[in-house]
Amino acid sequence: MQASILEQTKQLKDGQQKLLDSAEKSSELQDKVDKIKNPKNYLYVSMRNMFDKWQNDILMDKKKQEDNK
């Protein structure tokens with residue numbers, strides 16, 4: 001019985017730590033959001049950067065395939 005109480009206590013402490021970590025990450029994200037001056041521009045730039053990365057990945061794969069032929 002004492003072992004199960006210790007296990008439950010450990011699980012509660014782990015749960016509390018996860019909540020604290022989550023709250024800290026949430027606070028950090030909110031700070032980042034508050035720093036964004038123009039959300040539409042931020043979104044556009046983020047999407048454009050992701051598109052460029054994907055396009056680059058596709059072109060690199062095509063080049064590798066051509067080199068392997």
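Accessible areas come from the Shrake-Rupley method with a 1.4 Å probe, and for residues only the protein chains shown count as cover. On that basis the protein chain exposes about 7100 Å², of which carbon and sulfur atoms supply 57%. The model is a predicted one, in which local features need pLDDT of at least 70 and side-chain atom pairs count only at pLDDT 80 or more, while totals for chains, interfaces and linings use all residues. Residues are numbered from 1 along each chain as its sequence is written, and side-chain values use heavy atoms, with hydrogens and water left out.

The secondary structure of the protein chain consists of two helices and zero strands; helices (H or I, at least four residues) and strands (E, at least two) are DSSP runs, numbered from the N terminus. Helix α1 covers residues 2-35, and helix α2 covers residues 39-68. The C-alpha trace spans about 65 × 45 × 10 Å along its principal axes. The radius of gyration of the protein chain is 23 Å, whereas a compact globule of 69 residues would have one near 11 Å; the value is taken over C-alpha atoms, and the globule rule is 2.2 Å times the number of residues to the power 0.38. Buried residues make up 0% of the 69 residues, where buried means under 20% relative accessible area, exposed over 50%, and partly exposed in between (1.4 Å probe, protein chains only).

Charge is the next topic. The mean positions of the 14 positive and 12 negative charges are 4 Å apart. Lys and Arg count as positive and Asp and Glu as negative, without His and the chain ends; the place of a charge is NZ of Lys, CZ of Arg, CG of Asp or CD of Glu.

Side chains of opposite charge can pair when their charged atoms come close. Four salt bridges are found in the whole structure, each being a side-chain nitrogen of Lys or Arg within 4 Å of a carboxyl oxygen of Asp or Glu. One of them joins R48 and D52 at 3.2 Å, N to O. Because R48 and D52 are four residues apart in helix α2, about one helical turn separates them. K53 and D57 form another, with the closest N and O atoms 2.9 Å apart, and these residues too lie four apart in helix α2. In the bridge between D67 and K63 the corresponding distance is 3.4 Å; D67 is exposed at 53%, whereas K63 is partly exposed at 48%.
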